Amino acid sequence: AATDAPVDFAGLFVGFSTFLIAAALVLVGLLFALMVEQRSREVGTLLAVGWLHRDVRLLFLSEGLLVALLGALIGAAAGLFFTASVLDALSSVWKGATGGIEVTFFAAPSSIFFGSLSGAFVAVCAMALVLRRAWRSPVRELLLGCIASLDERADGGRRRVEDGRLS
């Protein structure tokens, strides 16, 4: 071996965890944006029958909250299994990496609860950011199923429907 000193994995785990959390938030935002875009006709219909933009956003956020809570529950269970597996491997197969120090697994129920809850909260915040920019198109355009991001529009987000065609 090149060295007999134990290797500190703390920086590595923090770096990878930060990257995974950031990537997961971007993925949540992109998937939610795709869902919002695919349901533009539904949004147009709700707005056309008198729903307020706020109510439609609340409907979509409540759906997103349910999915986020379910994901947090599944993620907490998978995270516990993964952590226990890695720590078991560090205590047996990779014992040389820890310098012979025995590593044991302990998970406080409160940390699991608050971690899951904060994960769901951050996911809902990412969804709220997506919804903040969504549905700025006129109702007629939404009913046609046409929703374009503001970045795609050359005229700064202003489009008109004339004679059934977008201009």
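Phe113 lies in helix α4, helices being DSSP runs of H or I of at least four residues, numbered from the N terminus. This is a predicted model, in which local features need pLDDT of at least 70 and side-chain atom pairs count only at pLDDT 80 or more, while totals for chains, interfaces and linings use all residues. Residues are numbered from 1 along each chain as its sequence is written, and side-chain values use heavy atoms, without hydrogens and water.

Student: At roughly what angle do the axes of α3 and α4 cross?

Tutor: Axes are lines fitted to C-alpha atoms, for helices over the stretch in contact, with angles from 0 to 180 degrees between N-to-C directions. The axes of α3 and α4 come within 8 Å, and they cross at roughly 145 degrees.

Student: Which residues of α4 meet α3?

Tutor: Contact means heavy atoms within 4.5 Å. On the α3 side, the residues include Arg57 and Leu80. Their partners in α4 are Ile112, Ser116, Ala120, Ala123, Val124, Met127, Ala128, Leu131 and Arg132.

Definitions and conventions: Helices (H or I, at least four residues) and strands (E, at least two) are DSSP runs, numbered from the N terminus.
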